[in-house]
Amino acid sequence: MVQDVRIAKRTGFCYGVREAVDRAKEAADAGRMTHTLGQVVHNEGVVAGLHARGVVPINGLDEAEPGSTVVIRAHGVTPGVREAAGARGLEVIDGTCSWVIAEQKELQKLVEDGYTIVLLGTPNHPEVVGLLGFAPDAIVVDEEEDWDRIPRRKRMALITQSTQPPWKFERLAARMVQLAHELKIVNTVCPVTIRRQEDTVDTAREVDFMVVVGGRSSANTKELTRLCEIVGTPVLQIEHARDLVDPAVFGSATVVGVTGGTSTPIEDLQLVAERILETAGTPDARRRARVIALEALGAAATPAGRTTSLPRAGGIAAAAAR
Ligand code: SF4
């Protein structure tokens, strides 16, 4: 039975997602009619919370109320979408992550410099769609079976969607060395993603079982699950605390680790930790589930690595005392 839980450090919202969520909240709190273009994060709880605050997601600009404010989410958009929003008289609040803006600028420069561009990314992912607005002719490749489509050209450039795993980017770079006379490599793998992967691996090495929390189709979440498997720690990927119903999945684990993707608020990790203890804990762990989960959250809250929407330390202590 489970006696203890650990939450991986440097989890919770990445700074890009956090900023976009905060922008949407600020706009709604200022009394503006506020939309997000697409769901600001793929997390039901967060979207519902924003909705309650007056932030309504839309799928296209034509759904925006005239005169309303549209928040661009962290993934960014094409220049065409931005222009169209202006033309419709909408106020645009740019929540594009600064890292993604840098990627867009790099791409624009590669286009100007005449490179044949290969973009490692998930086709139709909003970030990739936005990036293609800056380099419409870029060749998008994802899994290794795609890579045979990459042509041989004299001057080629490789760039990546921010959340692609570093090992994949390196492997593709090695492949492309054979295809070009000149190869320019622009490493745009987001450092937040890398740190999260490192801390997840560290946690997976210390525990008997891992729970990864995030969207089912989230690439960065799936990568965390894959890394736990590589470490050799049994792992379960879920979207919500309520997905944990069967204590048998934990087998004989006594210590369970919890980590999450870049769109998963750290508060969700605490809820999952609590649920693990309530579902599969020893009698003592069940009784103290909330306190143990809050302690795990507090231990994960290193100020130096704070890229999350963590409550203040005082907030954790106060909650633990309840
Ligand atoms: S993963 Fe990195 S690049 Fe993507 S939104 Fe978060 S901080 Fe920005």
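**Cavity lining**

I looked up the lining of the largest cavity by class and found 5 nonpolar, 2 polar and no charged residues. The classes put Ala, Val, Leu, Ile, Met, Phe, Trp, Tyr, Cys and Pro under nonpolar, Asp, Glu, Lys and Arg under charged, and the others, Gly among them, under polar. The model is predicted: local features need pLDDT of at least 70 and side-chain atom pairs pLDDT 80 or more, while totals for chains, interfaces and linings use all residues. Residues are numbered from 1 along each chain as its sequence is written, and side-chain values use heavy atoms, without hydrogens and water.

I noted the lining residues as Thr36, Val40, Val47, Leu50, His51, Val55 and Pro57. Two or more of the lining residues come from each of α2 and β3, and α2 gives the largest share, 3 residues. The volume of the largest cavity is about 30 Å³, and the count of cavities of 30 Å³ or more is 1. For the terms, I worked on a 1 Å grid over the protein atoms alone: a cavity is a set of points where a 1.4 Å probe fits but cannot get out, a pocket is an open set with protein on both sides within 12 Å along at least five of seven lines, and lining residues have an atom within 4 Å of a point. Points are joined across faces, edges and corners, and a volume is the space filled by probe spheres set on the points.

**Strands β2 and β3**

I then checked the strands. β2 (residues 34–37) and β3 (residues 55–58) run parallel and are joined by 4 bridges; pairing takes at least two DSSP bridges. Threonine 36 stands opposite proline 57 of β3, and both Thr36 and Pro57 are also in the cavity lining. With helix α2 (residues 44–52) between them in the unit, β2 and β3 form a right-handed β-α-β unit. Right-handed here means that, with the strands pointing away from the viewer, the path from the first strand over the helix to the second runs clockwise. Elements are DSSP runs numbered from the N terminus, helices being H or I of at least four residues and strands E of at least two.

**Largest pocket**

I put the space in the largest pocket at about 850 Å³. Its lining has 44 residues, and His125, Thr163, Ser218, Ala219 and Asn220 lie nearest the centre. Elements giving two or more residues to this lining are α1 (15–29), α4 (98–112), α5 (126–132), α6 (166–177), α7 (191–206) and α8 (219–231). The largest share, 6 residues, is from α8. By class I recorded 15 nonpolar, 21 polar and 8 charged residues.

**Single residues**

Which residues other than glycine have positive phi? I noted arginine 10, near 50°, and asparagine 124, near 70°. Arginine 10 is in the loop between β1 and α1 and is partly exposed at 24%. Asparagine 124 is in the loop between β6 (116–120) and α5 and is exposed at 69%. The cut-offs are under 20% relative accessible area for buried, over 50% for exposed and in between for partly exposed, with a 1.4 Å probe and protein chains only.

Alanine 8 lies in the loop between β1 (4–7) and α1 and is buried at 0%. Lysine 109, in helix α4, is partly exposed at 46%.

I looked for disulfides, that is, cysteine sulfur pairs within 2.5 Å, and the structure holds 0. Cysteine 14 is buried at 13%, and cysteine 190 is buried at 9%.
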